[in-house]
Amino acid sequence: MDIKERIEIIKAALSDKKATDINVLDISEKSVISDYFIIASGSNRNQIEAICDNVEEELYKVGVELRNREGRADGGWILLDYDDIIVHIFTDEMREFYDLDHTWRDAKIFK
């Protein structure tokens, strides 16, 4: 399964749980951390946890294993590390605080 297919699965899993403001940033030319950041928001901690669980479940179904999970929903953010794709799920407040959209503003937007 190529990276674009995995990105589409993640976007669908985020949308299924009503994540908002989903941005997919191609950082492959800007960083060695990963190739893509996917940033999304949830309205509360319960929704963030549900969004996260859904992303993990949908990728697991197609054989993509999670490398690492950091953060906690009660802290307002969760990071899912899939090596070449890192998914950031925030409350609006924490998204504004970390401001990854601005930090990586010169990254290409994945369509």
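Residues are classed as buried at under 20% relative accessible area, as exposed at over 50% and as partly exposed in between, with a 1.4 Å probe and protein chains only. By this criterion, 44% of the 111 residues in the protein chain are buried. The model is predicted, so that local features need pLDDT of at least 70 and side-chain atom pairs count only at pLDDT 80 or more, while totals for chains, interfaces and linings use all residues. Residues are numbered from 1 along each chain as its sequence is written, and side-chain values use heavy atoms, with hydrogens and water left out.

The protein chain contains four helices and six strands, taken as DSSP runs numbered from the N terminus (helices H or I, at least four residues; strands E, at least two). From the N terminus, these elements follow the order α-β-β-α-β-β-β-α-α-β. The radius of gyration, taken over C-alpha atoms, is 13 Å, close to the 13 Å that the globule rule gives for 111 residues, so the protein chain is as compact as a globular protein of that length. The globule rule is 2.2 Å times the number of residues to the power 0.38. Along its principal axes, the C-alpha trace spans about 35 × 30 × 25 Å.

Strands E3 (residues 68-72) and E4 (residues 77-81) pair in the antiparallel sense over five bridges, where pairing requires at least two DSSP bridges between the strands. Within this pair, Asn68 stands opposite Asp81 in E4. Four residues lie between the strands of the E3 and E4 hairpin, in which Gly76 adopts a positive phi near 90°.
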